[in-house]
Amino acid sequence: MIDEKLSEIAQLLCDLDNDRLIRNVDYRLNLQKEIDLGELRLDEDNDGLSDLIEEFRSMMGDPLFEYVDFSNIVSRPTYKTFFRLFDNYMDETNKAEIETYRESKEQDDFINACMETELMKEAHKFLYNEGKAPENEDEFKNMLDDIWFEFYSRSDRELIEDSSAFEHVFIGERKRNYKVLGCHNWFNFYYLEKKGEIKYYGYIPSKTVYEDKETDEPGVLAISFSMDGVVKPLGGFLVGFSPEFEIALYTIIFLCGRKKTRLNFANLDLTFECYKMERNNKEVIATIYPTV
């Protein structure tokens with residue numbers, strides 16, 4: 001069932017997203033190989049891994065992002081401050097994250113840039129009216145900082161603070177070099193692909209709303225890729241939306257949505273899966289991502 005109230009605020013945020021990008025103008029995709037979801041789920045040797053992984057490792061393909069107008073994109077305040085966060089994390093779990101003064105300042109700069117947008121102001125107003133956020137803007141900024149940047153332990157058996165909601169959702173992590181976790185942001189995916197740390201294998205049509213090459217609207221991709229040689233058979237992210245839109249929408253879903261929240265906005269019918277964990281005596285975002 002579609003959540004009408006959250007769909008309404010999602011559409012409003014979408015309409016206010018002045019930093020939303022235009023496909024084939026700001027960036028261009030090269031989807032290439034179609035991957036069948038049924039084949040992707042095959043695991044005949046019962047090792048917990050897709051049987052297609054070996055095939056992926058031998059594949060030769062081009063990057064997903066054929067073109068990105070990088071200099072123009074990072075000239076925008078939210079993208080500029082968002083991009084500065086990309087190198088602030090170790091991508092392996094079970095290794096403690098240490099936040100420096102510079103990194104803390106960069107986080108503050110990003111939140112401040114987001115709060116300058118009408119989009120985030122509207123998200124703040126919505127959450128306040130729902131009784132989920134303080135009215136004071138500085139207190140709301142602190143709340144965003146706690147939700148997205150406070151470190152916690154990814155494993156409930158470890159005491160090492162090796163992860164955060166932001167690192168997992170927007171940057172991505174590797175678990176003991178055999179599993180890729182998170183990595184649900186298109187701009188960071190492009191950045192890692194450009195650095196040679198990500199290899200794209202193909203997309204899953206049944207889980208993708210972006211095959212029409214003529215559309216300039218945002219969409220969602222479901223793809224197979226590897227990070228530093230570790231394969232993620234099925235991952236996905238929104239494409240074309242701004243970082244402030246994703247932070248605002250995901251915060252609203254975390255605080256007001258359900259484990260699976262179906263939304264209708266921007267001509268998209270998507271379900272957002274949000275998984276929570278109990279850490280430091282409160283609920284934190286374990287992961288959140290869109291799916292068709």
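**A tyrosine and its surroundings**

Happy to! The side chain of Tyr200 reaches the backbone nitrogen of Tyr203 at 3.4 Å. Please keep in mind that this is a predicted model. A polar atom of the Tyr200 side chain also lies 2.6 Å from the backbone oxygen of Leu31. Tyr200 has a relative accessible area of 4%, so it counts as buried, the cut-off being under 20%.

What packs around this residue? Leaving aside residues up to four places away in sequence, Tyr200 touches Asn30, Leu31, Gln32, Asp62, Pro63, Leu64, Phe189, Glu193, Ile223, Ser224 and Phe225. Phe189, one of these, is 11 residues from Tyr200 along the chain, and their C-alpha atoms are separated by 9.7 Å.

Now to the secondary structure. Tyr200 lies in strand β5, which covers residues 198-203 and is an edge strand of its sheet, as is β7 (230-239): each pairs on one side only. The sheet is open, with 3 strands in the order β5-β6-β7 and antiparallel pairing. Neighbouring strands in this sheet are turned by 35° against each other on average, direction ignored. Next in the order comes β6, residues 219-227, which runs antiparallel to β7 and is joined to β7 by 8 bridges. Ile223, which touches Tyr200, has Gly235 as its bridge partner in β7.

Helix α10, residues 186-195, lies across β5, β6 and β7 and runs at about 120° to β5. Phe189 and Glu193, both among the contacts of Tyr200, also touch Phe65. Phe65 sits in strand β2, residues 65-68, and is buried at a relative accessible area of 6%. Beyond that pair, Phe65 touches residues including Tyr27, Arg28, Leu29, Trp186 and Tyr190.

Of its 292 residues, 53% count as buried. Among contacts between residues at least 6 apart in sequence, 64% join residues at least 24 apart. The accessible surface comes to about 13,600 Å², and carbon and sulfur atoms account for 46% of it.

Among the buried ones are Pro243, Glu244, Phe245, Tyr250 and Phe254.

Thr78 belongs to helix α5, residues 77-83, and is buried with a relative accessible area of 2%. Besides Glu244, Thr78 touches Asp19, Phe110, Ala113, Cys114, Thr117 and Pro243, not counting residues up to four places away in sequence.

Phe110, Ala113 and Cys114 are also among the buried residues of α6. Helix α6 has 15 residues (101-115) and reaches 21 Å from its first C-alpha to its last, close to the 21 Å expected at 1.5 Å a residue. The cover over its buried residues includes α5, α7 (118-129), α8 (137-149), α9 (165-171) and α11.

Finally, there is a sheet built from β8, β9 and β10. These 3 strands form an open sheet in the order β8-β9-β10, with antiparallel pairing. Its edge strands are β8 (260-265) and β10 (282-291), each pairing on one side only. The twist averages 30° from one strand to the next. Strand β9, residues 268-279, runs antiparallel to β10 and is joined to β10 by 9 bridges; Phe272 stands opposite Pro290 in β10.

To come back to where we began: Tyr200 is a buried residue whose side chain has a polar atom 2.6 Å from the Leu31 backbone oxygen, and helix α10 lies across its strand, β5, along with β6 and β7.

Key. Residues numbered from 1 in each chain as written. Predicted model: local features only at pLDDT ≥ 70, side-chain atom pairs only at ≥ 80, totals over all residues. Heavy atoms only, no water. Pairing = 2+ DSSP bridges. Helix = DSSP H or I, 4+ residues; strand = E, 2+ residues; numbered from the N terminus. Axes fitted to C-alpha atoms, helices over the stretch in contact; angles between N-to-C directions. Contact = heavy atoms within 4.5 Å. Buried < 20%, exposed > 50% of the residue type's maximum accessible area, 1.4 Å probe, protein only. Areas by Shrake-Rupley, 256 points an atom, 1.4 Å probe, with all protein chains shown as cover. Expected span 1.5 Å × (residues − 1). Polar contact = N/O pair within 3.5 Å; in protein donor to acceptor, adjacent residues only side chain to side chain.
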